[in-house]
Amino acid sequence: MKVILASDHAGIELRQELVALLKERGTAFEDLGPHTRESVDYPDFASQVARAVVADAGTLGVLVCGTGIGMSIVANKHRGVRAALCTTEFEARMTRAHNDANVLCLGQRVVGAGVARGILEAFLSTAFEGGRHEKRVQKIRDVEAQQR
């Protein structure tokens with residue numbers, strides 16, 4: 001598994017905390033930035049992560065902005081992305097287990113570093129259950145196909 005991370009200027013500190021967690025776990029990752037606190041546009045970074053996740057089925061994405069909302073909206077515009085804005089470990093586990101989410105979105109102004117670390121740990125350690133959930137994820141793919 002590989003994780004691709006990015007944020008906007010409002011999510012830099014939390015993203016750096018999550019990078020530290022990935023290093024501790026020995027999880028392969030790529031940090032797409034930004035690397036300065038200069039104002040940037042979150043759609044640019046969300047799209048970079050979304051494209052990377054879609055290009056490699058074994059890759060998961062993590063996006064951080066002030067609230068996580070903007071990142072999740074943009075990421076979900078990309079076909080094949082199932083981005084989930086999570087504020088609890090339970091949500092992170094459920095979105096992986098039931099929705100096969102492949103991008104985690106977090107808000108630096110919403111969750112603290114400790115909570116965010118727990119959310120990411122839950123997201124990375126939970127597998128998709130398949131079974132009855134597979135047909136529902138397929139229905140998501142069908143909706144995407146109808147939009148093209």
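Predicted model: local features only at pLDDT ≥ 70, side-chain atom pairs only at ≥ 80, totals over all residues.
Let's start with aromatic pairs, where the rings of Phe, Tyr and Trp (its six-membered ring) count as a pair if their centres lie within 6.5 Å. How many does a search of the whole structure find? It finds zero.

Residues are numbered from 1 along each chain as its sequence is written, and side-chain values use heavy atoms, leaving out hydrogens and water.

Now go to strand S1 (residues 2–7). Helices (H or I, at least four residues) and strands (E, at least two) are DSSP runs, numbered from the N terminus. S1 runs parallel to strand S2 (residues 28–31), and four bridges join them; strands pair if DSSP finds at least two bridges between them. One of the residues involved is Lys2, whose bridge partner in S2 is Ala28. Together with helix H1 (residues 12–25), S1 and S2 make a right-handed β-α-β unit. Right-handed here means that, with the strands pointing away from you, the path from the first strand over the helix to the second runs clockwise.

Follow the chain into the loop between S2 and helix H2 (42–55), and you'll find Pro34. The peptide bond from Gly33 to Pro34 is cis, with omega near 5°.

Another loop, between helix H4 (89–99) and strand S5 (103–107), holds Asp100. Its phi is near 50°, a positive value in a residue other than glycine. Is Asp100 buried or exposed? With 18% relative accessibility, Asp100 counts as buried (under 20% relative accessible area is buried, over 50% exposed, and in between partly exposed, using a 1.4 Å probe and protein chains only).

Finally, look at helix H6 (residues 132–146), which has 15 residues. His133, Val137 and Glu144 are buried in H6. They cover an arc of only 35° around the axis, so they are on the same side of H6; the arc is that of the directions from the helix axis to the C-beta atoms. On the other side of H6, Arg132, Lys135, Lys139 and Gln146 are exposed.

Terms used: Phe/Tyr/Trp six-rings, centres within 6.5 Å; stacked < 30°, edge-to-face > 60°. Expected span 1.5 Å × (residues − 1).
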